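Please look through the sequence and the model below, and then follow the explanation that comes after them.

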Amino acid sequence: LLALNVLQEYYGPAITRRAIYISFGCMIFFLVISQLHMAYIPSVVDTTHCAYSLLLSHTPRIIIASFVTYGLMQLFDAI
């Protein structure tokens with residue numbers, strides 16, 4: 001949020017909106033790719049699937065929480 005406020009002050013709202021859209025796009029891309037990675041059936045010799053499963057299983061919840069937090073912070077910032 002600090003970076004977005006600095007962007008808005010120095011470069012204007014159009015650049016800030018573009019940065020927000022890019023960050024949301026990256027978050028959605030990461031969510032889709034991580035879930036696609038989880039959908040693959042691991043090989044019998046794969047020893048890292050358990051670690052990836054542990055790390056990526058919480059990704060949707062974290063990204064949804066980030067979206068909600070960002071929305072609430074923008075609401076309070078506008079007030």
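**From fold to surface**

Read along the sequence, the protein has the pattern α-α-α-α, and the count is accordingly four helices and zero strands, where helices (H or I, at least four residues) and strands (E, at least two) are DSSP runs numbered from the N terminus. This is a predicted model, in which local features need pLDDT of at least 70 and side-chain atom pairs count only at pLDDT 80 or more, while totals for chains, interfaces and linings use all residues. Residues are numbered from 1 along each chain as its sequence is written, and side-chain values use heavy atoms, with hydrogens and water left out.

As to overall dimensions, the C-alpha trace spans about 55 × 20 × 15 Å along its principal axes. The protein has a radius of gyration of 17 Å, whereas a compact globule of 79 residues would have one near 12 Å; the radius is taken over C-alpha atoms, and the globule rule is 2.2 Å times the number of residues to the power 0.38. Among contacts (heavy atoms within 4.5 Å) between residues at least 6 apart in sequence, 55% join residues at least 24 apart.

Of the 79 residues, 11% count as buried, buried meaning under 20% relative accessible area, exposed over 50%, and partly exposed in between (1.4 Å probe, protein chains only). The accessible surface comes to about 6,400 Å², of which 73% belongs to carbon and sulfur atoms; such areas come from the Shrake-Rupley method with a 1.4 Å probe, and for residues only the protein chains shown count as cover.

Leu75 lies in helix H4 (residues 59–78) and is partly exposed, with a relative accessible area of 49%.
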